[in-house]
Amino acid sequence: MSQKKAPYELPIGPIHPALKEPINFTFQMNGEVIEKVDFAPGRAHRGIEWMGMRRNPVQILHLCDRICGICGVHHALVFAQAVEQIADIEVPDRAYYVRTIIAEFERIQSHILWAGVAAHELGFDTLFYLAWQIREESVDVIEYITGNRVNYGIMMLGGTRRDITADMFPRLEQALQYYEGLLEKMVNLFLNDKTIAMRCKDTGILTKRRALELATVGPTSRASGLAMDVRIDSPYAAYGDLDFDIVLPDVYNSEGNGDVYDRIIVRIFEIKQSIDIIRQCMKQMPEGPVLAEEKYAKLLMNLKKASGEAFARVEAPRGEDMHYVRMNGKQEAPEMWKVKASTYSNQMAWVEILQGEQIADIPIIVASIDPCMSCTDRVAVVGQDGNAGIMTKEHLHRLSVEKTRRLQS
Amino acid sequence: MRATMTPQELADRFIRKFGSRVSNIQVKERREGVKKLPQKTVWMTVSREDLNDAVAELISIDYPHLGVIAASDNGDMIDLLYHLQVFFGGKHEEICVVFTVQVPKSDPHVPTISGLIPGAVYSEREKQDMIGVTVDGIPDSRRIFLPDDFPEEIYPWRKDEKGIPPSMVKELWKVDRPTDRPVPPVAEPEPVEKKEPEPAKEAPSGGAAE
């Protein structure tokens, strides 16, 4: 071969090959191996914080629901917590439980959605369809409780807008039993499969030390053995009253070296944990109202006078979600509102975990931190001499699938 | 099991070490849930010269997790708020520490903490983009969330003349239907006869609180 060897640049995105939101990666390749990674986010910056600083807190609450389609209720919850601290609103005990139940159902649907995406990236499309089919049940329950499949709109400052009453429990229990019955099957399909293990073990390793230094959050850091879960560290809503532990990869005889396989383990066993949490909530829920102040105008009056600063944190399905709010008591809109979603923290780990891996592993490694990104067009491969070739999304996906087939044969 | 301390002990340790160089120390506890378990936070203001020392002191206690760096335009000053957490992993033991650093708008510089916490780089880049604080010594000073062709010297989170001018704001809800297009070939709906409204069915839960 007379061609000049390495390194050459492989740009991917801003329309992303594997996931659903624009981001631009630049890989420096040496043959099949990634030597250096760089990426530029910001292709879908919507200026949500800027918009929020021109609205009143109740309007922002519903804007929060729309920050993310998968973990929207967590954004609304964390914003409500921050404003409740500033305006000194006492949330009724029952509302804490309603918040916890809806948050855990959201975690179940998010983790199963992720499991489907991961299966698709590995070339197991049957498993992908199966995962998304079983996800429907959780979305149906959420619709039963809130009236919506996405953008639930159930949170309110000082509680929730709807109650979960005892006559709704049988439907919730039915969904929980459905998932409980499927858990063993999911463990078997994802964790006992030889090919998935071959593709995922020792792929995209993030050590515990680096996970801490790079400030990663959620299942990504827990898979690296870092015990960190806001629900346990700084309990909010009803989590302080419940009995559960942080899920680490050692629940499934893994050494916990922070690879893609460990991230699958953590997510699947967190579904089990969520089922337990919802059951405990249904058992312990106290009676009472679910909203501190039902008169909307009165609530807005109180918020207008509120002054101070606060931050709140919750454990969204993908990891820690954090909002900082400052209100000055002179105007309706907050003076400052900062949103930190979980991918914001986890994206730094990409540089670490993609280095030294192969092109075919890019989709599953990028997907393994469950980034909040959207869909898909093509990849341009630009040679050093400036000759551009086009590598489509299908091509990149096929590379990943071919690697799976190779390992299977 | 790691040794932990109370928020007050942590605050006292900073007072002993830094004396009057840390100010405005507030120890707050917010109680949530039926059991009213506390969420412990310590807020303190440090000068930008002492920021790295303060973070190093926190690291000597326990390696912190950096949540985010928030920023707020405060008139003549810009507040940078470093949200850090220590003692996570145990049940209800975590303490959140917030370092507030105030920098004057006439000289908006702050040192980087990425030497101590490498994960801070992205948050620091965002602050350069959004509020126009220059982070000295940052290993990567490119823009992160704003596009490359975004005008220089305009910072979306500023509330002064460097903020977004009204000419850049597109109020999409004010946009009317384009007038240069033909009227869509949709027939006007037939006027429907008004029926007597049916009595609303009882909601199964009766719990809607709107």
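Which residue stands opposite I12(A) in β2(A)? Select I12(A) in the viewer and look across to β2(A), where its opposite number is F25(A).

Before going further, note that this is a predicted model, in which local features need pLDDT of at least 70 and side-chain atom pairs count only at pLDDT 80 or more, while totals for chains, interfaces and linings use all residues. Residues are numbered from 1 along each chain as its sequence is written, chains are lettered from A and ligands numbered from 1 in the order in which they are written, and side-chain values use heavy atoms, with hydrogens and water left out.

**Stop 1**

Next select strand β3 (residues 33–40) of chain A, which pairs with β2(A) in the antiparallel sense over seven bridges, with Q28(A) standing opposite K36(A) in β3(A). β2(A) and β3(A) form a hairpin with two residues between them, and G31(A) in the turn has a positive phi of about 65°.

**Stop 2: the annotated cysteines of chain A**

Select C68(A), C71(A) and C372(A), where an unreviewed UniProt entry places the feature "binding site"; such annotations may be inferred rather than shown by experiment, feature names are shortened, and positions are given in the numbering used here. C68(A) is found in the loop between α2 (57–64) and α3 (72–87) of chain A, and C71(A) lies in the loop between α2 and α3 of chain A. C68(A) counts as buried at 5% relative accessibility, and C71(A) counts as buried at 4%, where buried means under 20% relative accessible area, exposed over 50% and partly exposed in between, with a 1.4 Å probe and protein chains only. Show the surroundings of C71(A), and, leaving aside its neighbours within four places in sequence, you will find it in contact (heavy atoms within 4.5 Å) with E106(A), A316(A), P317(A) and R318(A).

**Stop 3: the sheet of chain B**

Turn to chain B, which has three helices and seven strands; of its 210 residues, 46% count as buried. Five of its strands form an open sheet in the order β1-β2-β5-β4-β3, with mixed pairing. At the edges stand β1 (22–32) and β3 (65–74) of chain B, each with a single partner strand, so one side of each is left without a neighbour in the sheet.

Now select strand β5 (residues 95–104) of chain B: eight of its 10 residues are buried, so this strand is largely enclosed by the rest of the structure. Strand β2 (residues 37–46) of chain B pairs with β5(B) in the parallel sense over six bridges, and the bridge partner of W43(B) in β5(B) is V98(B). Strand β4 (residues 77–86) of chain B runs antiparallel to β5(B), joined by 10 bridges; to follow this pairing, select V86(B), opposite I95(B), and then I78(B), opposite V103(B).

For the unreviewed feature "domain: NADH:ubiquinone oxidoreductase 30kDa subunit", UniProt lists residues 45–162 of chain B. Over residues 45–162 of chain B the chain is 19% helix and 32% strand, and the end C-alpha atoms are 25 Å apart.

**Stop 4: the nonpolar core**

Which residues touch the most other members of the largest nonpolar core? They are F105(A) and F99(B), in a core of 190 residues, a nonpolar core being a set of buried Ala, Val, Leu, Ile, Met, Phe, Trp, Tyr and Cys residues joined through side-chain atoms within 4.5 Å. Helix α4 (residues 93–122) of chain A gives the most to this core, with 15 residues. Select F99(B) and, not counting residues up to four places away in sequence, find the residues that it touches, including F14(B), M44(B), V46(B), L58(B) and Y82(B).

**Stop 5**

Finally, select helix α13 (residues 342–354) of chain A with helix α3 (residues 121–131) of chain B, whose axes come within 9 Å and cross at roughly 120°. The axes are lines fitted to C-alpha atoms, for helices over the stretch in contact, and angles run from 0 to 180 degrees between N-to-C directions. α13(A) and α3(B) are therefore oblique to each other, since angles under 35 degrees count as roughly parallel, over 145 as roughly antiparallel, 65 to 115 as roughly perpendicular and the rest as oblique. Show the side chains of Y344(A), Q347(A), M348(A) and V351(A) in α13(A), which meet Y122(B), S123(B), E126(B) and K127(B) in α3(B).

Definitions and conventions. Helices (H or I, at least four residues) and strands (E, at least two) are DSSP runs, numbered from the N terminus. Two strands pair if DSSP finds at least two bridges between them.
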